[in-house]
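Subject: Structure for you to look at

Hello,

Here is the structure I said I would pass on.

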Amino acid sequence: MTALVAAYETPTAPIDVTMLDALRTNVQARLLVLHLDWLPDLVADALTRLGSQLDANGLSDPNTSPPTNRPIIDAVVRVDRVCVGWDDPPGPPDATKNGAINLTAVVEDGRLRPNVEALATMCHARIQPSGAAARGSSLAVDGFVDGTLDVHFYGRVPRTVAATDVLVRLQAQLGISGPTTSGEADFRVRYPDLDFTVEQPGGEIIVTISTDGVTLQGSNVTVQCSADLSTCNPA
Amino acid sequence: MALTLALACASRTAAARLPPDDERRLDEGTALTVGAQTVKLGVLSFDYGIIDRLSVGTDPPFWAFRVAAPIFVPNAHVKFAFINSSRFWLSGQVAFYYADISHNGSSGSITVIPFSGLASVGVTPGFWIHGEVTYDLVTASGAGDLDRAAVGGSAGARAIQTGAILEWRLAPVFAITLRGRLQVYTGRLAFSGNGQVDDYTSATVDARLTPRREHPWVVIPGIALLWRHVHLTAGVGYGNVFVPGVDIPLTRRGWAPDFSLAVLF
């Protein structure tokens, strides 16, 4: 996870401004695979449950010093969340039908490790997108994820979806109420903004989706694009 | 020299009038009991002596704790003297404290049972040595607020403590005391439990609490005023404050007060 964190710090590949059309195509293809319109919301929602458990058990966030006048706590915290399903009928949730997300966090010397593992098992969830990648759409998405997720916290474990700042790496099968794709993917959630990387000759560039549009950040230049990637110009 | 002589005379005079089984016993932290058919209402302990060898009681501060913090700590203790001769007492005391640390949908509790062996020896009629060995048995369950399991930095971990009180009775109602306490062994407290956070979410916590100080200690010189119906002990020393009753030491080391006031009838 350390190498991935570093990859999101600085772009390693240059952008050839004469080949922006090809790059736009690459970015759009990557977006289709990542499902950023709903997946970050699902992950962030699960993480807020972990945050509430830290509060409930008096445990410290990553990157914060535990109080010195308290005992040293070592702990393993596991949060099991049944997914809401695609129809969410009345009554108790059906874990067998809806699937689940299991989060495992380790507290060492009173401090939560900044990396958390999660396992999504046949998780069906109707998500109301809220991030920048949803582009203001209020339509609910029926998402599906099955696989493993590694989460790195840049700051506190979020107590609300809007406070999420994490890097997510997943090896999973993903889809929306129909065909699914499987593979590895990673993205950073800085609500409401989202970052992901796209491989280019010489390394990777960083793509940021914000409410202002899409930014392509190369090692040599930054390119500002419209939200639908129809136009791009060097900044 | 004159002071020493005066204290020696006072001690000898006091000793001549000080049977250890009278109502002026220093009964807190010693093998001595409160006495038969005696009710003691103190700021640290309510006790009743059923017979001279046997007393039962409870610690009111833990009940009052509910006012300041959302933790309910019912508790009780019983002390029995196996030997209660004029110059030697040997007693056992068992206490029970239960703390509910449930919080925000997580349930959890801690039970603390201190087993104490106490011996009091009258080296001379006016000079007593009180010794104590305590084993704190702690069991915990659930996944409540782990931080609440701590009292000022020390988890209620399993521990073995030794304590001693030197009591120099200078007058029938007045004694100089020197109290000391050392935690010779500190264990770790393990938690395991789960809770339902909401309809969709459950949480499991497996935790281990380690106190920051493994061998806390305290030494407190003081006085004891033991009138027939009022007992007052006070002192100020240095070290870690041990919470009376459960004897859980606080992490902070510094000036340590000792105070107890009780009415007996």
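Predicted model: local features only at pLDDT ≥ 70, side-chain atom pairs only at ≥ 80, totals over all residues.

Chain A overall

Chain A has 235 residues, and 41% of them count as buried. Its secondary structure consists of four helices and 12 strands. Taking contacts in chain A between residues at least 6 apart in sequence, 63% of them join residues at least 24 apart.

Backbone features in chain A

Most residues other than glycine have a negative phi, and most peptide bonds are trans.

- The peptide bond between A:Tyr191 and A:Pro192 is cis, with omega about 0 degrees. A:Pro192 sits in the loop that runs between strand S7 (180-190) and strand S8 (193-200) of chain A.
- A:His35 is not a glycine, yet its phi is positive, at about 55 degrees. This residue belongs to the loop between helix H2 (20-34) and helix H3 (39-56) of chain A. A:His35 counts as buried because it has 23 C-beta neighbours inside 10 Å, the cut-off for buried being 20 or more.
- A:Met122, also not a glycine, has a positive phi of about 45 degrees. Its position is within strand S4 (residues 115-127) of chain A, rather than in a loop. With 16 other C-beta atoms within 10 Å, A:Met122 is partly exposed.

In chain B, strand S1 (residues 38-42) pairs with S2(B) in the antiparallel sense, over four bridges. The two form a hairpin, with three residues between S1(B) and S2(B). Within this pairing, B:Lys40 stands opposite B:Asp47 of S2(B).

S2(B) also pairs with strand S3 (residues 54-58) of chain B, antiparallel and over four bridges. Here the hairpin from S2(B) to S3(B) goes through four residues, and B:Phe46 stands opposite B:Thr58 in S3(B).

Which side chains of S2(B) point to the buried face? In strand S2 (residues 46-49) of chain B the side chains alternate, and B:Asp47 and B:Gly49 point to one face and are buried.

B:Phe115

B:Phe115 lies in strand S6 (residues 108-124) of chain B. Leaving out residues up to four places away in sequence, B:Phe115 touches B:Val94, B:Thr134, B:Tyr135 and B:Leu137. B:Gly92 is 23 residues away from B:Phe115 along the chain, and their C-alpha atoms are separated by 7.5 Å.

Nonpolar cores

The largest nonpolar core has 86 residues, and A:Val168 and A:Leu216 are those with the most contacts inside it. H3(A) gives the largest share of this core, eight residues. A second, separate core has nine residues, among them B:Ala81, B:Trp89, B:Ala224 and B:Leu226.

What does A:Leu216 touch, not counting residues up to four places away in sequence? The residues are A:Ile15, A:Leu23, A:Val27, A:Ile205, A:Val207, A:Thr222, A:Val223 and A:Cys225.

Regards

Methods
Residues numbered from 1 in each chain as written. Chains lettered and ligands numbered in written order. Buried ≥ 20, exposed ≤ 12 C-beta atoms within 10 Å, placed from the backbone. Contact = placed C-beta atoms within 7 Å. Pairing = 2+ DSSP bridges. Core = buried A, V, L, I, M, F, W, Y, C linked by C-beta atoms within 7 Å.
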